[in-house]
Amino acid sequence: MPQPADAAIHLIDMIYGSLFGECSWQGFLDAVAKTSPDGKAALHYHDLASPVAHVPYISGFTKDEVDQFSNHFASVNPWIPRMGLVPVGRGLCGEDIFARKNLVKTEFYNDWLKRQAGCETSIGVSIIREEARTFILSTATSSSDPVRNRKAAERYTLLAPHLKRAFDFIRKRDLLAPDNQALRTLFDSIGAGLIYVSDKRKVRWSNRTAENIIAAGFPFRVAADGRISIRCQKSAAAFEWLASRHDGQRGPYTAIFQGDGKEGSYRLTIVRLQSSAFTEFLEGPTVAVIAEPMVAAPLKDRQNALMETSKLTVTEIKVALSVASGNTPREVATAYQISYETVRTHLRNIYSKLGVNSQVALAALLLGS
C-alpha cells in the first residue's frame, strides 16, 4: 500500500496547479475523494456564531445531501463544536474528535452520515482558523478501518501547509486586484467615486474621485479608523445587509441622495463583489460603493454661459445639466424633489430655448466642444 507521503505528492502538485490555473479546485477535490473508500470530499467553512454551514466545493455529495447538511445537520454535527480544540494543520479522524461509540447514537450519524451519505466517519484537517471560523478539508468515507483512516489523516497533515499557502496567495491576489491604474482612470474619467469596503466597514481601496468626495464629507464620510459611514439611512442599511456574511438575496442597491445646494446630489450604487470562497472566508465580503454626481463636474463650468446666453432659469439649468449627465427624467425628479411632470415641463422649455428636440440632442449640445 502506498505511504501517505507518496500518495500526497500528486495532490500537492494539484494544489499548485489549481492555484495557477493549470487544473481546477474541483479536480483536486475529486482526486482527494478517490483516496478513501466511497469518499465524498468537501472544502467548507464553519462559523460557530451561525448554525448554517458553507460548503463551496464538493465531490461525491449530492446537492440534497449538502443542502440538508448546511441547513440542519451541521448544527447537530458533534464534531463541529469541538473544532476550536483541534490543532490547525493536523489531519485527524472523526474518532479523534468525538468517540465513535457516542457518534453512532447521534441524529447526525443515523439520519445523515449513515442513512443519506452512506458513510461511517470522516477524515479531515483544519487549514485556517480565524476567530470563530474554521476552514476545513474533509472526506466522508465508508471505511471504519482505524489503520486505513489514520494513514489518510497523515496524508491530510502533509497537504495542510500547501493548502494554507495557496489560500493565503489567493487572498492577497484577490484583495490587491482592484488596485490598478486602469480601474482608477475609468471611474475618475467619468467623475465617479469608487470605494471597496470590508464587512467591518473598513475602506480597502478608493480612487481619486472618491477621496475628494470623502474629503467633502458627502454623501459619505470616513472616520479616523478607516470606517465608512453613509449619510443616507436607507443606503446605510442596504450596505450593512450586502456586507454581512449571512446568505440571502444580494442584488445591487441604487438610490439618489440629495444634498443642499453646496453638496449637490448623488446616485449611490452599492454592490456585493464576487470573491473566491477562500477570500470571503478569510477577509469577509467586499462591497463596492459607487457615488456618481447627478451633474458631471465638467458640465458645471457651462452654467454661467447658459444663464447668460439661453435665458434658462436656475431650475432649468439644473435639469438640463443633470439630463445631459445621463440621468433619466424620473431620476432628476427624485434628485430635486419635484414631480416627474414638472421635469417634463422644464425639458420642453429647455428644448425650445436651446433649439433641440430630444435628450440625445441636448446631451450632444452640452457635451460638445
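Predicted model: local features only at pLDDT ≥ 70, side-chain atom pairs only at ≥ 80, totals over all residues.
Ser244 itself belongs to the loop that links helix H10 (233–243) with strand S10 (253–258).

Is Ser244 buried or exposed? Its relative accessibility is 15%, so Ser244 counts as buried, given that buried means under 20%.

## The main nonpolar core

Let's turn to the nonpolar cores. The largest one has 33 residues, and the members that touch the most others are Phe28, Ile127, Leu137, Leu163 and Phe167. At least two residues of this core come from each of helices H1 (4–19), H2 (25–33), H7 (146–176) and H11 (277–283), and likewise from each of strands S1 (40–47), S4 (121–130) and S5 (133–141). Helix H7 gives the most, with 9 residues.

Leu163 is a handy place to start looking around. Leaving aside residues up to four places away in sequence, Leu163 touches Ile15, Trp25, Phe28, Ile127 and Leu137.

## Where H14 meets H16

Helix H14 (residues 314–324) packs against helix H16 (residues 340–354) at an angle of about 90°, and their axes are 9 Å apart. That angle is why H14 counts as roughly perpendicular to H16.

Which residues make this contact? On the H14 side they are Thr315, Glu316, Val319, Ala320 and Val323, and they meet Val343, His346, Leu347, Asn349, Ile350 and Lys353 of H16. Sorted by class, the contact has 6 nonpolar, 3 polar and 2 charged residues.

Methods. Residues numbered from 1 in each chain as written. Heavy atoms only, no water. Helix = DSSP H or I, 4+ residues; strand = E, 2+ residues; numbered from the N terminus. Buried < 20%, exposed > 50% of the residue type's maximum accessible area, 1.4 Å probe, protein only. Axes fitted to C-alpha atoms, helices over the stretch in contact; angles between N-to-C directions. Parallel < 35°, antiparallel > 145°, perpendicular 65-115°, else oblique. Contact = heavy atoms within 4.5 Å. Nonpolar A, V, L, I, M, F, W, Y, C, P; charged D, E, K, R; others polar. Core = buried A, V, L, I, M, F, W, Y, C linked by side-chain atoms within 4.5 Å.
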